[in-house]
Amino acid sequence: MPVDFTAIDFETANSSGASACSVGLVKVRDGRVVDRVHWYIRPPFPHDEFSQWNVRIHGITPAMVADAPGWGTRVAGLREFAGDDVLVAHNAGFDMGVIVKASEALGIPVPDYRSLCSLQVARRTYHLDSYRLPVAARAAGFEDFSHHDALADAEACAAIVVHAAARHEAGDIEQLAHITRVRLGAIGPVALRDDRAAHGPMALQ
């Protein structure tokens, strides 16, 4: 189906959302992957401690990000890569939270993005024992990828959404969200505008 979006996945150094240490981005046009990129990110102090648990999960060490640009540089790259796309992520609340918290930690504006959660879309599309990314991706025909590698996870997420859009005969991301009854999320100024539209100006007083 002719869906356009950018899939995104973060890995973090510790339990803080501001500790992003890796991001994978996959651009989809007309239901096909047309570009992909992976970046390491140097987490800012005091969010730069790497927990043994997180390192065990994703294999990223402090030495691997020591010379990497920080979030201030990477968020500019995100804007350039994704443009005005809806950002799609598996458990999107986590990944959008990383963008918000990493930006706030540096005192820079939170970028303006809408998002769709592929986990919730998968729940409304497949009948599975688990909706974890590897299981949902397998249902979409995307198998044998390196889970917790940010780029591989973003590619798996993209595969789920493209497959779900085809199954539901959705012509775009907004229609897929409507058919599956999954609410589009929002961060940055667009989140405030969406809240005003949904609840009216009195709700913010």
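Reader: How accessible is Arg 29?
Author: Arg 29 has 28% relative accessibility and so counts as partly exposed. Buried means under 20% relative accessible area, exposed over 50%, and partly exposed in between, with a 1.4 Å probe and protein chains only.

Reader: Where do the values come from?
Author: This is a predicted model, where local features need pLDDT of at least 70 and side-chain atom pairs count only at pLDDT 80 or more, while totals for chains, interfaces and linings use all residues. Residues are numbered from 1 along each chain as its sequence is written, and side-chain values use heavy atoms, with hydrogens and water left out.

Reader: What does Arg 29 form a salt bridge with?
Author: Asp 85, with the closest N and O atoms 3.0 Å apart. A salt bridge here is a side-chain nitrogen of Lys or Arg within 4 Å of a carboxyl oxygen of Asp or Glu. The pair is 56 residues apart in the chain: Arg 29 sits in strand β2, Asp 85 in the loop between α3 (71-82) and β4. Helices (H or I, at least four residues) and strands (E, at least two) are DSSP runs numbered from the N terminus.

Reader: And Asp 85, buried or exposed?
Author: Buried, at a relative accessible area of 11%.

Reader: How many salt bridges in the whole structure?
Author: The search finds 2. Arg 36 and Glu 155 also meet in one, at 2.5 Å from N to O. That pair joins strand β3 (residues 32-40) to helix α7 (residues 150-168), 119 residues apart. Arg 36 is partly exposed, with a relative accessible area of 44%.

Reader: Switching to β1. Why is it largely enclosed by the rest of the structure?
Author: Because 8 of its 8 residues are buried. Phe 5, Ala 7, Asp 9 and Glu 11 point one way from β1, and Thr 6, Ile 8, Phe 10 and Thr 12 the other.

Reader: Which way does β2 run against β1?
Author: Antiparallel, joined by 8 bridges; strands pair if DSSP finds at least two bridges between them. Glu 11 has Ser 22 of β2 as its bridge partner. Strand β4 (residues 87-89) runs parallel to β1, with 2 bridges, and there Thr 6 stands opposite Leu 87.

Reader: What about the lining of the largest pocket: which elements each supply at least two residues?
Author: β1 (5-12), α1 (52-58) and α4 (92-106).

Reader: How do the lining residues divide?
Author: Into 6 nonpolar, 7 polar and 5 charged. Ala, Val, Leu, Ile, Met, Phe, Trp, Tyr, Cys and Pro count as nonpolar, Asp, Glu, Lys and Arg as charged, and the others, Gly among them, as polar. A pocket is an open set of points on a 1 Å grid over the protein atoms alone, where a 1.4 Å probe fits, with protein on both sides within 12 Å along at least five of seven lines; lining residues have an atom within 4 Å of a point.
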